[in-house]
Amino acid sequence: MSVELGHFALILAFCLAVAQSVFGLVGAMPGKSYLQSGVRPAVAGQFVFVVLAFASLALAFQHNDFSVLYVASNSNSQLPAFYRFAAIWGAHEGSLLLWLLVLACWSIAVAAFTKNMPATFVSRVLGVLGLVSAGFALFILATSNPFARLLPAALDGRDLNPLLQDPALAIHPPMLYTGYVGFAVPFAFAVAALLEGKLDPVWARWVRPWTTVAWMFLTVGIALGSWWAYYELGWGGWWFWDPVENASFMPWLAGTALIHSLAVTEKRGLFKSWTLLLAIFAFSLSLVGTFLVRSGVLVSVHAFASDPSRGMFILAFLVICIGGSLSLYAWRAQRFGSTAGFAVVSRESFLLLNNVLLVAAASLILVGTLYPLFLDALHLGKISVGPPYFATVFMIPMLPLLFLLAVGMHAAWKRAKLESVKTKLLVMVGASIALAIIVPLVSYGSVSVLSVIGFTAGMWVLLSSLIEPVSRWRAGHKLSASVLGMSVAHLGLGVFVLGATVVKAYEIEKDLSLTPGQSVTLGNYEFKLNDTRNVVGPNYDAIEATVVVSRLGREVTVLHPQKRTYRVQTNPMTEAGIDPGWNRDVFVAMGEPLGQGAWSFRLQYKPLVRFIWIGAVIMALGGFIGVTDRRYRARVPRSADEAAREATVGA
Amino acid sequence: MTPRRRRMMFVALIVLGVAGATTLALSAFRDNVLYFYSPSDVTAGKVPAGRTFRVGGMVDKGSVMREPGSLEVKFIVTDFAHDVTVKYSGVLPDLFREGQGVIARGRLVDPQGHVFVADEVLAKHDEKYMPPEVAESLKKTHEAQRASRAST
Amino acid sequence: MWRYAIPVAIFAVLFGFLFVGLNRDPSYVPSPLIGKHAPAFSLTTVEDPNKQVSPEDFHGKPFVLNVWGTWCAECRREHETLLEISRQGLAPIVGLNWKDERESAEQWLRQLGDPYAATAFDPEGRAGIDWGVYGAPETFLIDANGVIVYKHIAPLTMEVWNREFVPRIRAGGGRS
């Protein structure tokens with residue numbers, strides 16, 4: 001199928017998205033309900049045409065159609081077929097089409113699974129989603145058309161950026177997008193509720209699973225990005241507080257707050273305005289994140305486009321979506337005040353603090369990310385804000401949050417009686433502190449104040465999250481998916497904190513020169529360079545080193561780091577040699593030749609680094625388990641027993 | 001303690017906490033804002049003493065010198081008006097090349113001899129791309145040079 | 001009651017800055033050069049290493065300077081537009097082949113067509129620095145007196161040409 005058909009399909013998709021928003025929003029007005037029957041067909045139609053548009057671009061890549069400018073800029077006949085598919089979202093135009101496709105998938109899922117909801121309300125929700133889709137489709141058609149032709153056709157393409165030729169590439173952006181584009185769903189629900197003027201706990205129950213699923217994907221997407229940066233960028237870092245990383249992390253923080261706020265709204269009918277605001281905030285951060293990456297406003301390793309007209313369009317879009325929803329909020333949110341009270345120490349108050357701290361963290365990161373831009377706008381100079389700012393400023397709200405979490409997850413609604421868990425918690429914090437001092441001393445030889453605090457926090461959260469499931473299991477009670485999910489997610493967080501603390505405190509990194517036959521030590525490990533040789537890959541040539549790694553005299557593994565030169569783009573690229581392990585990674589990356597057969601190398605010892613990503617995956621798993629809870633699926637009448645138990649320490 | 005007193009203590013604690021946190025945040029901010037200076041700025045003495053900052057320009061052709069067998073490397077960063085010698089110990093990024101734009105982060109160890117010790121060298125972008133700050137400052141010094149030549 | 005308006009107020013402030021920030025796109029700083037005399041250079045042409053070209057050669061009528069390279073995908077995109085513009089004949093286009101190889105540049109012009117009245121060969125990028133070039137493509141408009149009146153970053157389109165270049169050429173044409 002030629003790309004002109006794809007282009008045409010996209011135009012049709014745009015028209016259908018407009019129809020969707022008109023039918024949806026106008027159809028919710030009094031007297032116009034006959035329009036509502038057109039909404040779901042419009043959603044379905046839009047979905048079909050977006051898929052067709054995407055498919056036509058995919059085919060152009062597979063068939064090496066270099067008469068399409070986007071294909072010529074991002075692919076090459078030597079590029080393996082798998083990457084020819086992933087290259088679709090390797091640059092600006094294709095990424096946006098992917099964004100639109102993901103939104104279309106979410107929209108059609110919402111259309112399909114809301115048959116039991118009040119029709120007018122669903123109509124509004126789909127109408128709002130239609131507006132967002134229409135905006136993006138228009139943006140792509142007007143400023144970022146992936147279907148533009150290149151005539152005469154190039155003989156061969158410029159190849160996909162070698163940094164992106166990696167399996168994680170195939171998964172990271174779609175995961176990420178499924179996540180933060182998915183926040184459009186709670187956003188649409190929030191706007192619909194504001195338009196309707198009422199919000200009951202059933203609304204919260206409906207929104208929660210959608211938000212949790214989106215959050216889950218975002219968690220995995222961010223973790224994948226971090227992991228990919230770790231082994232692909234060659235230098236062992238896993239988080240750089242880069243504007244693009246921040247762009248995906250801020251929605252995650254807001255989304256986490258949203259999930260917890262939704263719990264309060266569902267269970268107690270409280271925090272309605274918080275929840276509405278958080279839903280708007282999370283999606284707004286997703287949109288702002290898109291703006292940061294797509295308009296070249298901040299330049300970073302990932303920045304694709306630096307075309308001002310694109311940025312203008314997105315700004316206009318942001319004003320309409322965010323400004324519009326926040327204005328609606330300013331106008332309507334007073335209606336949602338609630339009168340129920342709660343004690344100073346209660347689940348509600350812990351979750352209120354949770355909201356505040358997470359929003360504070362997200363806001364501080366936002367300030368640091370946007371500050372250079374503000375200064376530039378005011379002609380006050382060009383600066384950059386270094387990673388230590390973000391690290392410090394993130395820890396300030398997050399450390400207290402972790403300690404509060406260990407206690408708060410056991411607090412009951414309305415008035416927390418923590419007597420039953422007080423002893424357990426105290427024992428656990430004591431054990432955590434002890435472990436925090438002993439384990440690093442024994443394994444790594446030193447302790448510091450920060451490492452002890454971080455380790456204690458992670459360990460305590462981990463242990464604390466076990467209390468609920470273990471005690472219920474031992475008492476013979478059934479464990480609801482909701483409670484299990486919560487426990488698993490918090491456990492994952494504990495694992496993550498352990499990993500991040502230990503790696504930060506105890507990683508060892510050394511740059512040095514090695515000649516074949518030479519050995520060096522790093523910590524308990526010895527590294528011996530055997531030789532270097534030339535290697536030919538499908539679309540690159542490389543020098544490969546053979547490094548034998550031993551620990552305390554015994555051989556552990558042989559690593560083969562490479563220095564690749566991709567033939568088309570002629571950028572040199574480092575492919576690190578990594579020996580993974582649950583308790584440590586050993587990392588070898590080649591630098592440059594130093595003459596006489598010597599090469600510079602960067603060697604790293606990264607203890608517990610895998611805990612970072614394992615922790616994130618466990619968090620996402622917790623989210624998944626939570627979503628499978630029965631109360632989200634069928635309207636099953638619950639026993640009074642179950643209802644009572646959930647009311648005390650429900651999730 | 002009466003409930004009222006308890007609540008007030010609570011509030012006071014929170015206010016204290018927020019005040020402390022804000023101070024920490026502000027100082028973290030101040031300490032990590034990195035300014036960018038051109039080699040001309042550096043040689044003119046415009047850089048505050050002892051601070052970490054970023055300097056950028058073009059890597060002067062033929063100026064990259066390596067200590068044989070070690071990771072010590074020395075190169076000259078220029079904006080075609082003045083030069084700064086940069087010393088770095090470590091692996092240079094893949095895109096680092098003579099005749100290309102570069103940004104180094106570190107501090108000035110020898111203000112008189114204009115020697116800068118870098119703890120990070122950035123040459124991130126596309127080979128053909130020059131960081132905007134570098135291009136802008138190169139342009140400014142060119143204009144200044146031409147102006148001074150014209151007035152002599 | 002008014003606290004609900006705080007979020008939208010904060011957003012309005014943020015938006016204001018972003019709006020200004022975008023107009024000062026960090027990779028887009030043409031203002032210092034606009035209104036200044038076009039920096040001089042004397043470079044060999046791509047086709048003939050024995051021939052020289054300089055902006056002085058075009059003094060007396062407005063002309064366009066286009067910075068390009070064969071390694072730049074975006075330049076491929078604007079090539080059609082450049083050919084169309086050169087066909088129009090409103091103003092000559094001088095090419096500045098930036099940080100490139102002579103053979104590749106020659107082949108490009110032969111294969112795709114040559115919209116340039118002359119193409120200067122600047123392999124080191126020194127002239128580019130004088131002109132404040134960050135990357136390719138970039139296109140400058142120089143008036144009849146040799147003063148730079150406009151700079152466009154990113155591929156030139158007919159839309160930008162008609163909107164920004166043509167009116168300025170018409171306004172400043174013919175004077176010397």
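## Strands β7 and β8 of chain A

Two strands count as paired if DSSP finds at least two bridges between them, and that criterion applies throughout this report on a predicted model. In chain A, 4 bridges join β7(A) to strand β8 (residues 572–575), and these strands run antiparallel. Within this pairing, Lys563(A) has Thr574(A) in β8(A) as its bridge partner.

Strand β7(A) also pairs with strand β5 (residues 540–551) of chain A, again in the antiparallel sense, over 5 bridges. Here Glu544(A) finds its bridge partner, Gln562(A), in β7(A). Of the 5 residues of β7 (residues 562–566) of chain A, 4 are buried, so this strand is largely enclosed by the rest of the structure.

In soluble globular proteins, nonpolar side chains tend to be buried together. The largest nonpolar core of this model has 160 residues, and those with the most contacts inside it are Trp99(A), Phe189(A), Trp203(A), Phe249(A), Leu253(A), Leu276(A) and Leu287(A). Helix α9 (residues 201–232) of chain A supplies the largest share of this core, namely 13 residues.

When its neighbours within four places in sequence are left aside, Trp99(A) is in contact with Val132(A), Phe136(A), Tyr177(A), Tyr180(A), Val181(A), Phe283(A), Leu287(A) and Thr290(A). There is also a second, separate core of 44 residues, which includes Phe41(C), Trp68(C), Leu82(C) and Trp131(C).

## The sheet of chain C and its helices

Chain C contains an open sheet of 5 strands in the order β5-β4-β3-β6-β7, with mixed pairing. At the edges stand β5 (118–122) and β7 (148–153) of chain C, each of which has a single partner strand, so one side of each is left without a neighbour in the sheet. Direction ignored, neighbouring strands of this sheet are turned by 20 degrees against each other on average.

Strand β6 (residues 138–142) of chain C is joined to β7(C) by 5 bridges, and these strands run antiparallel. Ile142(C) stands opposite Ile148(C), a residue of β7(C). Helix α3 (residues 102–112) of chain C packs on the sheet, where it touches β3 (63–68), β4 (93–98) and β5 of chain C, and its direction makes about 120 degrees with that of β3(C). Helix α5 (residues 158–171) of chain C packs on the sheet as well, touching β3, β6 and β7 of chain C, with a direction that makes about 170 degrees with that of β7(C).

## A loop residue in chain C

Ala40(C) lies in the loop between α1 (6–23) and β1 (43–44) of chain C. Its relative accessibility is 60%, and because residues over 50% are classed as exposed, Ala40(C) counts as exposed.

Not counting residues up to four places away in sequence, Ala40(C) touches Pro55(C) and Asp130(C). Ala40(C) and Ser54(C), which are 14 residues apart in sequence, are 6.8 Å apart in space, C-alpha to C-alpha.

## Chain B in outline

Chain B has 3 helices and 7 strands, which follow the pattern α-β-α-β-β-β-β-β-β-α when read along the sequence. Among the contacts in chain B with a separation of 6 or more, 53% are between residues 24 or more positions apart.

Of the 152 residues in chain B, 43% are buried. The accessible surface of this chain comes to about 8,200 Å², and carbon and sulfur atoms account for 58% of that surface.

How values were computed: Residues are numbered from 1 along each chain as its sequence is written. Chains are lettered from A and ligands numbered from 1 in the order in which they are written. This is a predicted model: local features need pLDDT of at least 70, side-chain atom pairs count only at pLDDT 80 or more; totals for chains, interfaces and linings use all residues. Side-chain values use heavy atoms; hydrogens and water are left out. A nonpolar core is a set of buried Ala, Val, Leu, Ile, Met, Phe, Trp, Tyr and Cys residues joined through side-chain atoms within 4.5 Å. Buried means under 20% relative accessible area, exposed over 50%, partly exposed in between (1.4 Å probe, protein chains only). Helices (H or I, at least four residues) and strands (E, at least two) are DSSP runs, numbered from the N terminus. Contact means heavy atoms within 4.5 Å. Axes are lines fitted to C-alpha atoms, for helices over the stretch in contact, and angles run from 0 to 180 degrees between N-to-C directions. Accessible areas come from the Shrake-Rupley method with a 1.4 Å probe; for residues, only the protein chains shown count as cover.
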